[in-house]
Number of protein chains: 2
Amino acid sequence: MNRHFDDELGELKERLLYMASLVESMINYSIKSLVDRKEELVQETYKHESEVNKIQVEIDDRCIKLIALHQPAAADLRLITSAMKINAELERMGDQAVNIAESSVKLLKQPPLKPLIDTPRMAEIVKKMVKDSLDCFVKKDLELAKSVLRTDDEVDDLKDQIFRELLTYMSSDPANISRALELILISRHLERIGDHATNIAEDVIFLVAGTDVRHHLNELEEKK
Amino acid sequence: MNRHFDDELGELKERLLYMASLVESMINYSIKSLVDRKEELVQETYKHESEVNKIQVEIDDRCIKLIALHQPAAADLRLITSAMKINAELERMGDQAVNIAESSVKLLKQPPLKPLIDTPRMAEIVKKMVKDSLDCFVKKDLELAKSVLRTDDEVDDLKDQIFRELLTYMSSDPANISRALELILISRHLERIGDHATNIAEDVIFLVAGTDVRHHLNELEEKK
């Protein structure tokens, strides 16, 4: 691997980390707008989205050029194709944050249904998953990648808990239905962001350990 | 481009088409189980899923090997990286079909809430989107790709219509809530399959026309 290629790989990782930090901010602003009931914060999510979209195109270009110019060997090739996948996952996380922002705008037109505790908690966990999934890629940290996979189960449990609670709200008063539904959808968007982080972590495990866990996580857990 | 490489590209496309046909069947069985109220059909969706998962790993491997062995020029490189993206999109469509199957199992434990007309209609449109998105990739058909993008708007409208109708069911009787919710989630899963097909079509437009429409569809429409 020549020095130049090394530098370019380093830059590529930097850009992915930056993109991830934007996605974390998007989640932050969309949830904060809802919890603090400040619609103006939603604009920050939208601003970050157009930046994320630009970077996605840039990173894809970078990857293609890296492969075309340097014709890297299989291991580096897998690293770069993984970067392309991570790039796509991050952009989709951003889309989910936009969905949350849109739900928030709808909810802020009505009085609050209930104090929001589980939703911001779920958002915190999911933001950490986003950060960890990128960190495990950059540091090739297998243990961190596995921890992302485990956290995803926690997120799923929280989503189910939120669902059950909101179902009770809906059943008790039809006036609650549309707001409760919107909160259920927000928890689904957060869950999906967690799924994207999990996809990244699975890819990292494949990169580092050479085990394709995308459809065989149980096997990996058994080997531990 | 040498003959061997050409053959391998052809095989790659065949495998993607086969994977897409499995995904269409998965959608079919999951919706059919719900409409015909036959839980046993859900098993077909699950069987196809494990096949789809296997093919995903196989196709990814094929792509990496194609790049590593033939070191293709930029245009072919983009074709192969697109194939990798399409591969990921198809696998996620399969996941959504599994989500529908799971919702169907829950719904079949209760009496039907209402005759299902819009849901199977939405499923038909979405299955066509899946087929068309792969066809436009294989045939490099720009017009077909654009039609997939337009159909996505139709799917979104149908999803909104389903949502409004089910909201009415929920408001009129709390006993309807859990079933109506499940049907709303099914329409979201179908919508998401449509989104994945749209992602593929956008990629094809980029491949064929060299225009990145992922975040600029309006521009493309204006140029027409």
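How many residues has α2(B), and how far does α2(B) reach from its first C-alpha to its last? In this predicted model, the helix has 30 residues and reaches 43 Å, close to the 44 Å expected at 1.5 Å a residue; the expected span is 1.5 Å times one less than the number of residues. Helices (H or I, at least four residues) and strands (E, at least two) are DSSP runs, numbered from the N terminus. Just after α2(B), Q71(B) takes a positive phi of about 40°.

Residues are numbered from 1 along each chain as its sequence is written, and chains are lettered from A and ligands numbered from 1 in the order in which they are written. Because the model is predicted, local features need pLDDT of at least 70 and side-chain atom pairs count only at pLDDT 80 or more, whereas totals for chains, interfaces and linings use all residues.

The model scores ipTM 0.82 and pTM 0.88. The mean pLDDT (the predictor's confidence in each residue, from 0 to 100) of chain A is 92, and 92% of the residues of chain A reach 70 or more. Within chain A, confidence is highest in helix α4 (residues 118-139), at a mean of 97, and lowest in helix α7 (residues 217-223), at 51. Where pLDDT is low, the predicted coordinates should not be read in detail.

Q71(A) lies in the loop between α2 and α3 of chain A. Although Q71(A) is not a glycine, its phi is positive, at about 40°. Q71(A) counts as partly exposed because it has 14 C-beta neighbours inside 10 Å. Here a residue is buried if 20 or more other C-beta atoms lie within 10 Å of its own, exposed if 12 or fewer, and partly exposed in between, with C-beta atoms placed from the backbone. Another positive phi, of about 55°, is found at R37(B), which is not a glycine. R37(B) is in the loop between α1 (3-35) and α2 (41-70) of chain B and is partly exposed, with 14 other C-beta atoms within 10 Å. Most residues other than glycine have a negative phi.

The contact between the chains takes 21 residues from chain A and 21 residues from chain B, two residues being in contact if their C-beta atoms, placed from the backbone, lie within 7 Å. On the side of chain A that touches chain B, the elements giving two or more residues are α2 (41-70), α3 (74-108), α5 (142-172) and α6 (177-209). α3(A) gives the most, with seven residues. The residues on this side divide into 12 nonpolar, six polar and three charged; Ala, Val, Leu, Ile, Met, Phe, Trp, Tyr, Cys and Pro count as nonpolar, Asp, Glu, Lys and Arg as charged, and the others, Gly among them, as polar. Of the interface residues of chain A, 100% are also interface residues in chain B, so the copies meet through the same surface.

α6(A) has 33 residues and reaches 47 Å from its first C-alpha to its last, close to the 48 Å expected. Of the 33 residues in α6(A), 24 are buried, and the helix is mostly covered. R188(A) is found in this helix and is partly exposed, with 18 other C-beta atoms within 10 Å. Just after α6(A), G210(A) takes a positive phi of about 75°. In chain B, R192(B) has its place in helix α6 and counts as partly exposed, with 19 C-beta neighbours inside 10 Å.

V126(B) lies in helix α4 of chain B and is buried, with 29 other C-beta atoms within 10 Å. Leaving aside neighbours within four places in sequence, V126(B) is in contact with I27(B), V155(B), L190(B), I193(B) and G194(B). V126(B) and I27(B) are 99 residues apart in sequence, but their C-alpha atoms are 8.8 Å apart in space.
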